[in-house]
Amino acid sequence: GKRAATVGFDWPDAIGPAEKVREELEEIADAVDDGDPAAVAEEIGDLLFAVANLARHHKVDPEAALAAANAKFERRFRAVEGALAARGLRMTDLGIDVLEEEWQAVKDAQAS
């Protein structure tokens, strides 16, 4: 993406890359609907490339942003596990609705 931008093959602002991300999400949904795993994989690759390009337009290092997101997910996941364990509950015994409620509670608590 950077090399292409140096020769003018780039959007003038971040609106184009953001629209491309939305387009790629639609293409993934179409590939899923078609039941084509190879096309799904290809479209997910295109989405990742589009997201990296969007990050570049916002002067964000996509690898650093992903590493930070992974670390945040791990912190929250461990906090959910801990909160449930403190109440004598196990994640494997609960449905997604309960787990999502716990996730939101941890997310809200960590945002404060």
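The following dialogue examines a predicted model of one protein chain.

Residues are numbered from 1 along each chain as its sequence is written. Local features need pLDDT of at least 70, side-chain atom pairs count only at pLDDT 80 or more, and totals for chains, interfaces and linings use all residues, while side-chain values use heavy atoms, with hydrogens and water left out.

Student: Which pattern does the protein chain follow along the sequence?

Tutor: Helices (H or I, at least four residues) and strands (E, at least two) are DSSP runs, numbered from the N terminus. The chain has 5 helices and 0 strands. Read along the sequence, the pattern is α-α-α-α-α.

Student: What is the radius of gyration of the protein chain?

Tutor: This quantity is taken over C-alpha atoms, and the globule rule is 2.2 Å times the number of residues to the power 0.38. For 112 residues the rule gives 13 Å; the chain lies well over that, so it is more spread out than a compact globule, with a radius of gyration of 19 Å.

Student: Is Ala109 buried or exposed?

Tutor: Ala109 lies in helix α5, residues 96-111. Buried means under 20% relative accessible area, exposed over 50%, and partly exposed in between (1.4 Å probe, protein chains only). Because its relative accessibility is 53%, Ala109 counts as exposed.

Student: How many Å separate the C-alpha atoms of Ala109 and Lys59?

Tutor: Ala109 belongs to helix α5. Lys59 and Ala109 are 50 residues apart along the chain, and their C-alpha atoms are separated by 29 Å.
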